[in-house]
Every structure is written in C-alpha cells, then in structure tokens.
Amino acid sequence: QVQLVESGGGLVQPGGSLRLSCTASRSIVTFSAMEWYRQAPGNERELVASVNSAGSRNYADSVKGRFTISRENAKNTVSLQMNSLKPEDTAVYYCRAYLSTSGINYWGKGTPVTVSS
C-alpha cells in the first residue's frame, strides 16, 4: 500500500500562484505515471496534468501554459506549479500514482484550492 499526501492548497486571488505537492510513502520511481486531477463541486473529476516515468508531460487544454507538473523521484514527490489562476480553477486537487503493469492506482485525499477575490 502507498499513501499519497497532498499539500499547498488554499485561497488565492485571481492571477495569483500556488504550488501543490504530493509526497508518497515510498519511492515513486516504479510508478508509470504521476498525475494531478481536480474536482469542482457538481463536476466530474478531471485530469489536469500527468508526468510519466520518462518525464513526458501532458496537460489539460484549460491549464496549458499556466500549470507545470514536475516529478522529483529522489524526494518521492510530484508538484504542480499553478500560475495565473482563474476562478474556474477552484476545485479539490488530487494526486494519483499509477502502475501500468498491474493497473493499480493510488489516490491522495486531496487539497482544496479556491481562487476568489
């Protein structure tokens, strides 16, 4: 079993920045992908950004150019730098670790982000 703990959420004004972190209870080297999802009230959970074991990154169209995902294997951490935040970025942000060999995935409990003036 792997525990994922997110941190860094909070209240920020439109145009501001936040940096989210997700720390795993063990090495993340073997995970095929580390991902950030978000879920706003009344909405489905959606994929925001992902980084695979080779370092290849993908982003949702809505966050391209504003968010950056980074994977630090030595620290068992994946981060999400969020810039130029908009009210529509308000959601609970979740970290997911995925193993393609087994199909197993692990989720954190989420960290809330509120973008409001």
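Contact here means heavy atoms within 4.5 Å. Ground rules: this is a predicted model, where local features need pLDDT of at least 70, side-chain atom pairs count only at pLDDT 80 or more, and totals for chains, interfaces and linings use all residues. Residues are numbered from 1 along each chain as its sequence is written, and side-chain values use heavy atoms, with hydrogens and water left out.

**Entry: Glu-35**

I looked up Glu-35 and found it in strand β4, residues 33-39. Strands (E, at least two residues) are DSSP runs numbered from the N terminus. Is Glu-35 buried or exposed? Glu-35 counts as buried because its relative accessibility is 8%; buried is under 20% relative accessible area, exposed is over 50%, and partly exposed is in between, with a 1.4 Å probe and protein chains only.

Next I checked its polar contacts (pairs of N or O atoms within 3.5 Å; within protein, one must be able to donate a hydrogen and the other to accept it, and residues adjacent in sequence count only if both atoms are side-chain atoms). The Glu-35 side chain makes one with the side chain of Arg-96 at 2.7 Å and one with the side chain of Tyr-37 at 3.5 Å. Leaving aside neighbours within four places in sequence, Glu-35 is in contact with Leu-47, Ala-49, Ser-50, Tyr-94, Cys-95 and Arg-96.

**Entry: the core**

A nonpolar core is a set of buried Ala, Val, Leu, Ile, Met, Phe, Trp, Tyr and Cys residues joined through side-chain atoms within 4.5 Å. The largest one has 31 residues, and Trp-36, Leu-80, Met-82 and Tyr-93 have the most contacts inside it. Strand β9 (91-99) gives the largest share, five residues.

**Entry: the open sheet**

I traced an open sheet of four strands in the order β1-β3-β8-β7, with antiparallel pairing. Two strands pair if DSSP finds at least two bridges between them. The edges are β1 (4-7) and β7 (67-72), each pairing on one side only. Inside the sheet, β3 (18-24) and β8 (77-82) pair over six bridges, and Arg-19 stands opposite Gln-81 in β8.

**Entry: Gly-16**

Gly-16 lies in the loop between β2 (10-12) and β3. Its relative accessible area is 17%, so Gly-16 is buried. Not counting residues up to four places away, Gly-16 touches Met-82, Asn-83, Ser-84 and Leu-85. Gly-16 and Val-115 are 99 residues apart in sequence, yet their C-alpha atoms are 8.3 Å apart.
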